[in-house]
Amino acid sequence: MNLYKFSLDDFLVLISKGLKNQITSDDILVEEIKLSHLKRIDKVFNKGLHYYLDPKAPETSKEASIFFRKQNFNSDLNIGAKKVVNHFEEFKISLSAIAKLSDMEFKRSFPIYTISDNPKNVAKEIRGILYPDFTSNLKEFLKALISKFAEHNILVFEFVEYWNQKEKANIDGFFLNPNVIVLKRQQMSFRREIFTLIHELGHFLLNEEEIEKLEIEHLANDNLSSIERWCNDFSFHFLAGDLANKLEKIQSAGPQNDYHFELIEQISRKTHLSQIALFTRLLLDRKISPSNYSNVKSEFEEAFKERQAELQRVRELEKAQGKQQRGSAPQPIKSPLLVSTIQTAFYEGVLNEYEVCKRLNIKPDKLEKYIQ
């Protein structure tokens with residue numbers, strides 16, 4: 001409850017949902033809890049019933065969780081978000097123990113920067129190390145970035161939310177000390193996920209943990225903290241590279257010059273920065289008025305809705321015609337650093353085949369792909 005910042009009253013309401021008679025504190029703050037009540041508690045925490053049989057008290061130290069290290073975050077986290085963070089914190093601790101038993105060590109290969117360092121200069125320096133060969137395929141570019149990060153001991157995890165998931169996390173990504181970045185899969189907008197990854201890389205470079213939802217249009221918000229502004233500037237310059245100079249040459253964007261749509265689209269294709277992110281940059285630099293920016297943003301939102309509606313119409317038509325639905329559930333991208341760590345642990349006898357499958361979230365028939 002401390003981890004999730006639940007008050008006793010809020011927690012009792014949560015576990016009593018759907019019941020005629022509410023569960024009381026006398027029902028759960030006792031030596032023996034009814035199994036039915038325990039199952040309701042576990043629906044919140046997803047620990048498995050064996051967890052509650054452990055006589056050892058849960059860890060409440062700063063090392064145990066970011067929720068004990070920090071009191072406030074940039075986003076008001078819902079239960080879904082807290083569950084995701086807790087899952088990856090536990091996975092991080094477990095993986096660290098596995099690596100240690102396998103005589104592996106994840107050493108930080110970058111210095112710790114501060115917000116007094118120029119984010120543009122830092123971006124240029126880090127870009128020379130971590131920027132992969134460019135590809136127009138957004139997903140492949142994201143994979144290449146994750147692989148580059150792995151080469152320098154930065155672990156990147158994706159989590160995927162499915163359409164029928166009840167508790168969806170209201171976050172896009174987060175950084176956990178010392179070397180873990182977690183991203184929500186943005187199946188409909190890999191550009192957003194790429195920007196989030198580099199933004200969290202900024203947090204890694206500053207060694208400032210954070211959990212947040214990134215709204216691209218809020219990048220020019222005057223209320224942003226100095227750390228968030230630094231990470232946004234770093235992300236922009238890391239992805240834009242020398243093409244940032246073309247954007248800087250724009251004096252103003254408005255109806256009189258068609259908002260420089262052609263140039264913006266060209267820069268977007270070559271950098272994987274979304275067009276709205278580039279227009280937000282112009283707003284930040286006061287090269288487009290708030291009203292004109294709002295008009296542009298509305299156009300993009302309307303175009304996106306139309307594309308979604310068209311996709312839905314195609315799906316419904318194919319379903320009516322009895323055609324097999326295309327596509328499958330997206331799978332998280334696996335960092336090569338995760339794979340190599342689990343492989344080494346297997347070869348060293350630290351993990352068995354069942355544990356390898358569990359850690360990599362793969363079926364046994366896929367095992368040979370990872371261990372030979």
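Predicted model: local features only at pLDDT ≥ 70, side-chain atom pairs only at ≥ 80, totals over all residues.

**Sheet and salt bridges**

Mentor: Helix α5 (residues 79-101) lies across β1, β2, β3 and β4, at about 145 degrees to β1. Contact means heavy atoms within 4.5 Å; axes are lines fitted to C-alpha atoms, for helices over the stretch in contact, with angles from 0 to 180 degrees between N-to-C directions. Helices (H or I, at least four residues) and strands (E, at least two) are DSSP runs, numbered from the N terminus. Residues are numbered from 1 along each chain as its sequence is written, and side-chain values use heavy atoms, leaving out hydrogens and water.

Trainee: Which strands stand at the edges of the sheet?

Mentor: The open, mixed sheet has the order β1-β3-β2-β4, where two strands pair if DSSP finds at least two bridges between them. An edge strand has a single partner, so one side is left without a neighbour; this applies to β1 and β4.

Trainee: In which elements do Glu161 and Lys184 lie?

Mentor: Their side chains meet in a salt bridge (3.3 Å, N to O), that is, a side-chain nitrogen of Lys or Arg within 4 Å of a carboxyl oxygen of Asp or Glu. The pair ties together parts 23 residues apart in sequence, because Glu161 lies in the loop between β1 and β2 and Lys184 in strand β3.

Trainee: Is Asp172 buried or exposed?

Mentor: Buried means under 20% relative accessible area, exposed over 50%, partly exposed in between (1.4 Å probe, protein chains only). At 2% relative accessibility, Asp172 is therefore buried.
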